[in-house]
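Try each task before reading its solution.

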Amino acid sequence: MITPVLTPPMHNQITIESHYDTTNQQYAIINTVRDVFFQHYRDPAFLQRVRESQPFNHTTESPEVVANKIEHDTSTIKVGVFKPLWIFSRCIASTDIGTKTISFNKYKLSGANPAERVNTLMHEYIHTLGYTHDGNYNTAYNRATVPYRIGDMFVTYLEDNDFI
């Protein structure tokens with residue numbers, strides 16, 4: 001009997017860059033979040049959940065198209081830490097879509113729990129695929145956009161399977 005050899009799809013690369021005064025603890029947190037993300041963001045069961053979801057707000061693309069973009073994206077994503085101008089900024093992270101750079105707020109990163117960190121990385125990764133939401137507001141409309149819903153679905157998937 002011949003066992004077929006399966007070639008895994010190309011994965012994204014996530015490089016960790018230092019913005020400002022990133023601490024060793026912050027590097028460790030980002031490494032852990034990146035590892036969980038990479039291990040599971042293309043799990044067939046997770047992508048099936050995306051494909052079976054209700055249509056998203058703020059896009060005309062179907063859940064099937066969104067899942068396919070996640071599954072086949074091979075871009076390089078840069079992740080770092082930024083120091084906001086205002087120490088009390090509510091921003092957890094931001095994404096520069098042009099450079100595909102995700103930056104975590106240095107004041108929010110350490111205080112977030114693992115689920116919040118993974119949700120944020122997935123949310124910001126979805127922005128690198130070109131999906132947006134309506135402003136920086138946590139509204140019912142935005143909760144059904146691709147970045148918010150995929151971030152929430154990913155955390156639910158990870159928690160359901162005891163991955164986090």
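**Exercise 1. Placing a threonine**

Where is the place of Thr 139: in which loop, between which helices? Work out its surroundings too.

*Solution.* Keep in mind that this is a predicted model.

- Step 1: Thr 139 sits in the loop that runs between α5 (114–128) and α6 (140–143).
- Step 2: Its relative accessible area is 34%, so Thr 139 falls in the partly exposed class, which spans the range between under 20% for buried and over 50% for exposed.
- Step 3: Look for what the side chain reaches. The side chain of Thr 139 comes to 3.1 Å from the backbone nitrogen of Asn 142.

**Exercise 2. Reading the overall layout**

Find how many helices and strands there are in the chain, and their pattern along the sequence.

*Solution.* 

- Step 1: Counting elements gives seven helices and four strands.
- Step 2: Now consider burial. Of the 164 residues in the chain, 43% are buried.
- Step 3: Finish with contacts. Among the contacts with a separation of 6 or more, 64% join residues 24 or more positions apart.

**Exercise 3. Into the core**

Which residues of the largest nonpolar core touch the most other members, and which element supplies the largest share?

*Solution.* 

- Step 1: The core has 33 residues, and those touching the most other members are Phe 46, Ile 70, Met 122, Tyr 125, Ile 126 and Ile 150.
- Step 2: Trace the members back to their elements. At least two residues come from each of α1 (24–40), α2 (44–51), α3 (63–72), β2 (76–82), β4 (101–105), α5 and α7 (146–160).
- Step 3: The largest share belongs to α7, with six residues.
- Step 4: Take one of these residues as an example. Setting aside residues up to four places away in sequence, Ile 126 touches Ile 70, Tyr 131, Val 146, Pro 147 and Ile 150.

**Exercise 4. Exploring the largest pocket**

What residues lie closest to the centre of the largest pocket, and what classes make up its lining?

*Solution.* 

- Step 1: Start with the space itself: the largest pocket holds about 720 Å³.
- Step 2: Its lining consists of 21 residues, and Arg 90, Cys 91, Ile 92, Ala 93 and Tyr 148 are the closest to the centre.
- Step 3: Two or more lining residues come from each of β3 (93–96), α5 and α7. The most come from α5, which gives six.
- Step 4: Sorted by class, the lining has nine polar, six nonpolar and six charged residues.

**Exercise 5. A serine in a loop**

Is Ser 89 buried or exposed, and what does its side chain reach?

*Solution.* 

- Step 1: Locate Ser 89 in the loop between β2 and β3.
- Step 2: Ser 89 has a relative accessible area of 15%, so it is buried; the cut-off for that class is under 20%.
- Step 3: The side chain of Ser 89 reaches the backbone nitrogen of Cys 91 at 3.2 Å.
- Step 4: Beyond its neighbours within four places in sequence, Ser 89 is in contact with Pro 84, Asn 105 and Lys 108.

**Exercise 6. Positive phi angles**

Examine His 58 and Lys 100, and find the phi of each.

*Solution.* 

- Step 1: Recall the background: most residues other than glycine have a negative phi.
- Step 2: His 58 is not a glycine, yet it has a positive phi of about 70°. His 58 lies in the loop between α2 and α3 and, at 38% relative accessibility, is partly exposed.
- Step 3: Lys 100, also not a glycine, has a positive phi of about 55°. Lys 100 belongs to the loop between β3 and β4.

Key: Residues are numbered from 1 along each chain as its sequence is written. This is a predicted model: local features need pLDDT of at least 70, side-chain atom pairs count only at pLDDT 80 or more; totals for chains, interfaces and linings use all residues. Side-chain values use heavy atoms; hydrogens and water are left out. Buried means under 20% relative accessible area, exposed over 50%, partly exposed in between (1.4 Å probe, protein chains only). A polar contact is a pair of N or O atoms within 3.5 Å; within protein, one must be able to donate a hydrogen and the other to accept it, and residues adjacent in sequence count only if both atoms are side-chain atoms. A nonpolar core is a set of buried Ala, Val, Leu, Ile, Met, Phe, Trp, Tyr and Cys residues joined through side-chain atoms within 4.5 Å. Contact means heavy atoms within 4.5 Å. On a 1 Å grid over the protein atoms alone, a cavity is a set of points where a 1.4 Å probe fits but cannot get out, and a pocket is an open set with protein on both sides within 12 Å along at least five of seven lines; lining residues have an atom within 4 Å of a point. Grid points are joined across faces, edges and corners, and a volume is the space filled by probe spheres set on the points. Ala, Val, Leu, Ile, Met, Phe, Trp, Tyr, Cys and Pro count as nonpolar, Asp, Glu, Lys and Arg as charged, and the others, Gly among them, as polar.
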